Amino acid sequence: MGFLSQAWVIARKDIIGELRTRETVLSMLLFGFLVILIFNFGIEPGLREENLVKPGVLWAAFTFAGILGLNRSFIAEKENDCLQGLLLCPVDRSVIYLGKFFGNFIFTLSMGLVVFLFFSVLYNVNLVQVALPLGAILVLTTIGFTAVGTLFSAVSVGLKTRDVILSILLIPVMVPVVLAAAKSSGRVLDGDSLAGAGLWLALLVVYDVIFLTVAIMLFDYAVEE
Amino acid sequence: MKGLWKYFDHFPAIRGLDVELELGRFLTVFGPNGAGKTTLIRVLSTQIQPSQGEVEVGGCVLPGQAYRLRRHVGVISHNTYLYPNLTARENLTFFGRMYRVPDLGDRIKTLLEEVGLSGRRDDLVRTYSRGMQQRLSIARALLHDPDIMFLDEPYTGLDQHASRMLRDVLKTLHTGERTLVMTTHNIEQGLEMCDEVAIQVRGRLVFRENVGAIDRAGFEQTYFDHVGKDFRWDS
Amino acid sequence: MTTVSRGSSVEHDTQAAVAGGGSSGGGATTATAVHPTGAERPLWLDVLGVAAIASVLVALYGAIIWAPTEAVMGHVQRIFYFHMPSAWVALGPAFTIVFICSIVYLVKKDLRYDRIAGASAELGVLFTTITLLTGPLWAKPIWGAYWTWDPRLTTTLVLWFIYVAYLMLRSSITEGHRRARLSAVFGIVGWIDVPIVFMSIRWWRTIHPTLVTGEGMNLDSSMQAVLVFALGAISLLYVYLLVVRVRQLDMGSRIDRLRQQSHLR
């Protein structure tokens, strides 16, 4: 059984476990919706400046809900000390990272999709037009978010201030990603094609590649004792 | 293992421990709480890295060659390492794949029968009692047929049924080809099957003997002698 | 009277270097001054301290009194002499040292490097804070706004958040090696992120032309001289504070170890 398929086994295990209880996914979704709702109260609908603010709202909701999801995924490993059990297996740490990454990626992406649907209903977005480009942006953003987020949640899982510290660690490092996501989706929502947002997409790709690599290398240190 | 020290932030949980064990022998380590028994197991099973000293298990030098060692090591501890939201079968399948166990399906079936959980194999582990969880965790540890087994206070929290099952399992494991190291509080259970005995107090091994050479009946007194000597309320 | 002496406890990490040689090439016979509390403080450290403080004072004089007034901005511009060097020291040496020491710690597991990283991060946050405070002070009178979303200043703000997060991470873990390991992981990621943050904010700001920019200053040669000197002074100050803080941490570590060991005898 290859390297990648073992990672997939781990991811699958996370997904199955999560689908059983649906705790995490539901809270992530609810939280995302609530954030959008709250932001909405500060904005008068139909305002011309609305277009400037919309993307920010979307990605803020994504970020907060995403962090919630990341936290819970590692907490599940802490129960019964499962992470330790996993670390005892003759499996390369990078494989464990990739497995966790895949799992988190799928959760976060699903959350992103649903949140975006909610968002587009609230803001009357023409879905057909923007679906594909926004989908691409969502995927790239989720990769970056999950890559660093998985690493940091491994770092923060044993700490007392676990939930808060993950946000404190992750959000500053996410600045380029959120910026790129907001700017490029702003463009797309305004009617630009994907090419118009090309620069931002390139940034996302660069970020993803760099940090996925760095995270794989550092994960070992984050979980060993 | 020579001169093993393990510090937690300047607190020496293990102090200058020297111990050698031949393959195929069964060693039981007794000791009071806080003696460092769990830490010892964790170091030996590659869960923690030593702060100082040389450790070699099964021909693999730790921590550098820990990766090679892991497929030969099985651990049973009071943590079950089981995922509560998965069924027994899913748990075993998962770990089986992680350990690359061949003929996984059959192996799982056999093990579940051995620990008496076949009937509930598709129930979520969350719904199991403590004793059942421990039995499943034994099955989990045995999946990959490890050559070396570490048992950290395995009898804790077990009901009669599970206790007896554990003893039976240990009997079958103790074949001379497998190396076992167990820590426990319970003198009777500890002495039952082992080949060698040790007492650990405050990070050091203060007693080490073949089981044949000691007086079983009087061992409890021996234990208290050793523990009492170094035992202080303020430490 | 100076006496030649040296700490004698057996070290598990390389503390001896500070008490003995240090960075200014001291060899086996370093002159030391015995501090009233019994801790030794090598002479070179005192010299460094005096030099640092003196040069900062000179820079202050140079900035406030000696340098000519800038044509466009007036006296307020003088803040720049401390604003820019602070920024430079934080971004350059301070956080880069955190990055390097994080890597070295992960490789060598020597807690000394972790202490250096921690001290450097503290100083980095200090200088970043100074940068962030002096920036608006300077911007407001000149451009009428405290904050301009200028790429460099904004990156500095994100930098501040990253390294404050680093310090918060450190303060939430008590166990030495664990803290070192986890903060090293974050320290490495954070530092790599900084250039990317800068680029992304720069692109952001070029798309929406800013009302105000950070440029627009004319510096004649004497002003440049003051700037360079201030840069040197603040760098010196940084080095001095770093050494002092690291020694303090080293000493703390020694005390902890001795306390633990004596407690258990």
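**Legends to close-up views**

**The contact between chain C and chain A takes 24 residues from chain C and 23 residues from chain A.** Residues are in contact if their C-beta atoms, placed from the backbone, lie within 7 Å. The model is predicted, so local features need pLDDT of at least 70 and side-chain atom pairs count only at pLDDT 80 or more, whereas totals for chains, interfaces and linings use all residues. Residues are numbered from 1 along each chain as its sequence is written, and chains are lettered from A and ligands numbered from 1 in the order in which they are written. On the side of chain C that touches chain A, the elements giving two or more residues are α5 (151-171) and α6 (176-207) of chain C. Helices are DSSP runs of H or I of at least four residues and strands are runs of E of at least two, numbered from the N terminus. The largest share of this side of chain C, 15 residues, comes from α6(C). By class, the side of chain C that touches chain A has 19 nonpolar, three polar and two charged residues (Ala, Val, Leu, Ile, Met, Phe, Trp, Tyr, Cys and Pro count as nonpolar, Asp, Glu, Lys and Arg as charged, and the others, Gly among them, as polar).

**Close-up of helix α7(A) against helix α5(C).** The axes of α7(A) and α5(C) come within 9 Å and cross at roughly 155° (axes are fitted to C-alpha atoms over the stretch in contact, with angles from 0 to 180 degrees between N-to-C directions). The two helices, α7(A) and α5(C), are therefore roughly antiparallel to each other (over 145 degrees; under 35 is roughly parallel, 65 to 115 roughly perpendicular and the rest oblique). From α7(A), the contact is made by I165(A), I168(A), L169(A), P172(A), V173(A) and V175(A). From α5(C), it is made by V158(C), F161(C), I162(C), A165(C), M168(C) and L169(C). The residues of the contact of α7(A) with α5(C) comprise twelve nonpolar, no polar and no charged.

**Surroundings of V148(A) in the largest nonpolar core.** This core has 199 residues, and those with the most contacts inside it are V148(A) and L169(A). Such a core is a set of buried Ala, Val, Leu, Ile, Met, Phe, Trp, Tyr and Cys residues joined through C-beta atoms within 7 Å. A residue is buried if 20 or more other C-beta atoms, placed from the backbone, lie within 10 Å of its own, exposed if 12 or fewer, and partly exposed in between. Residues up to four places away in sequence not being counted, V148(A) touches L170(A), V173(A), M174(A), F211(A) and A215(A), together with V189(C).

**The contact between chain B and chain A takes 23 residues from chain B and 21 residues from chain A.** Both α2 (66-70) and α3 of chain B supply at least two residues each of the side of chain B that touches chain A. The largest share of that side, five residues, comes from α3(B). Its residues divide by class into twelve nonpolar, six polar and five charged.

**Close-up of helix α1(A) against helix α3(B).** The axes of α1 (residues 3-21) of chain A and α3 (residues 88-98) of chain B come within 10 Å and cross at roughly 160°. That angle makes α1(A) roughly antiparallel to α3(B). Q6(A), V9(A), K13(A) and I16(A) in α1(A) meet E90(B), F94(B), R97(B) and M98(B) in α3(B). By class, the contact of α1(A) with α3(B) has four nonpolar, one polar and three charged residues.

**Burial of helix α3(B).** Nine of the eleven residues of α3(B) are buried, so this helix is largely enclosed by the rest of the structure. The buried residues are A88(B), E90(B), N91(B), L92(B), F94(B), F95(B), G96(B), R97(B) and M98(B). What covers them includes α1 of chain A, along with α4 (104-114) and α5 (130-142) of chain B. Just after α3(B), R100(B) takes a positive phi of about 55°.

**Helices and strands of chain C.** Chain C has seven helices and two strands, which run α-β-β-α-α-α-α-α-α from the N terminus on. Of the 265 residues in chain C, 37% are buried. Among the contacts in chain C with a separation of 6 or more, 75% are between residues 24 or more positions apart.

R72(A) is partly exposed, with 18 other C-beta atoms within 10 Å. The C-alpha atoms of R72(A) and L179(A) are separated by 25 Å, and these residues are 107 residues apart along the chain.

Notes:
Two residues are in contact if their C-beta atoms, placed from the backbone, lie within 7 Å.
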